[in-house]
Amino acid sequence: MLALCCGCAGPGGGDEGRAPGAPTGVTAEAGSATSVHVMWNALSGVSAYEVYRGTTKVGDVPGSAHMLDVTRLAPSTAYVFTVRARDDEGRLGPRSREVRATTPAAVAADRSAPTPPGRATGRAAGSRAVQLSWTAATDDRKVVSYDIFQGGVKIHSVGGGQTATVVTGLRPGTRYSFTVRARDAADNLSPAGAAVRLSTAPGDDEGRDTAPADFRATTHRADGAYYIDLAWVPPRVDGVVTEYQIQLDGQAVTSLVWGGTPPRDRATHSFYVGREAGAGHRVRLRARLPDGTWGAFTAERVVTTEDDPEDTHER
């Protein structure tokens, strides 16, 4: 099953005279019985972010960050979170899409922390991202989440059933040290596992290894209308990619979400672009990674609609 969201807004910044756009890539994951970790993609030209639980603002985050641990929550409770961006002039943008998270049940008198995660490994994914994986920690009750630290600073959190993630937004040609710690429902935090030291590649490829591969775009005509046909190979990341965003002529126009089993080897999609012959279009694609962040865009393809319904065109 494939769900489409046409005209979805893509990431943006605080253009002069306008409020910032809505933050994208928002995710929420329970960190313990009383906390939820909220993350989003960074926007340019933003001085701060506001995080809301329902209609209540629960935190202000500086523009240089894009995550918040929302604490003092109730166990076994479902919550809804949104994020808004604020620029240097104080203009507040629209809310992001809603994301939901449910805290697990509280565990009485649990003072035993999980064991450290084991056998952590990683690799650079281009110049602005790395992939990390580790073996599961154990706990006398249950591991609820894993916290990822860069140096001594927490930068990310994933669910207790996940043992891999992609860290994005890094600097090219830079050496980093990452550690992982496990957390249980009582908020007991394990010691850190062994550090993973990685260097990002030089250059500025926006983490090209996280982009879909072998991306192709052609056009066809049917019933007097024109369509762009896309084909690609999902990025090789730890986990399953279920969502993609298509950008047409510099604007995000469609989000694709697989509700069933997503493709692992080759994916295809076709979408309507109008009835004008000889119209040129620029198209590219990116994937939402298993940790909720967006990967890099593919190379841009240029296609032209033509009169001949049998012809397909790409360059």
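Biologist: Which backbone oxygen lies 3.2 Å from a polar atom of the side chain of R275?
Modeller: That of G224. The side chain of R275 also reaches the backbone oxygen of D223, at 3.3 Å. Both come under polar contacts, meaning N or O atoms within 3.5 Å; within protein, one must be able to donate a hydrogen and the other to accept it, and residues adjacent in sequence count only if both atoms are side-chain atoms.

Biologist: What are these numbers based on?
Modeller: This is a predicted model, where local features need pLDDT of at least 70 and side-chain atom pairs count only at pLDDT 80 or more, while totals for chains, interfaces and linings use all residues. Residues are numbered from 1 along each chain as its sequence is written, and side-chain values use heavy atoms, with hydrogens and water left out.

Biologist: Where is R275 found, and is it buried or exposed?
Modeller: R275 is in the loop between β20 (267-274) and β21 (280-288). Strands here are DSSP runs of E, at least two residues, numbered from the N terminus. R275 is exposed, with a relative accessible area of 56%; the cut-offs are under 20% for buried, over 50% for exposed and partly exposed in between, with a 1.4 Å probe and protein chains only.

Biologist: What does R275 touch?
Modeller: Not counting residues up to four places away in sequence, R275 touches D223, G224, A225 and Y226. Contact is heavy atoms within 4.5 Å.

Biologist: Switching to K154. Buried or exposed?
Modeller: K154 is buried, at a relative accessible area of 17%. It lies in strand β12 (residues 153-159).

Biologist: Which side chains make polar contacts with the side chain of K154?
Modeller: The side chain of D69 at 2.8 Å, and that of D147 at 3.4 Å. Leaving aside neighbours within four places in sequence, the contacts of K154 are H37, M67, D69, D147, I148, F149 and R183.

Biologist: F149 is on that list. What is the bridge partner of F149 in β14?
Modeller: T179. Strand β11 (residues 143-150) pairs with β14 in the antiparallel sense over seven bridges; two strands pair if DSSP finds at least two bridges between them. β14 is also joined to strand β15 (residues 196-199), by four bridges and again antiparallel, with R197 as the partner of S177.

Biologist: Why is β14 called largely enclosed?
Modeller: Because seven of the 10 residues of β14 (residues 175-184) are buried.

Biologist: How about the sheet with β9, what is its strand order?
Modeller: The order is β9-β10-β13, an open sheet of three strands with antiparallel pairing. β9 (118-124) and β13 (164-168) are at the edges with a single partner strand each, so one side of each has no neighbour in the sheet. Five bridges join β9 to β10 (residues 129-135), and one of the pairs is G118 with T135.

Biologist: Last topic, rings. How many aromatic pairs are there?
Modeller: Six in the whole structure, counting Phe, Tyr and Trp (its six-membered ring) with centres within 6.5 Å; planes under 30 degrees apart are stacked, over 60 edge-to-face, and the rest tilted. One of them is the tilted pair Y79 and F81, 6.2 Å centre to centre with 35 degrees between the planes. Both residues, Y79 and F81, are buried.
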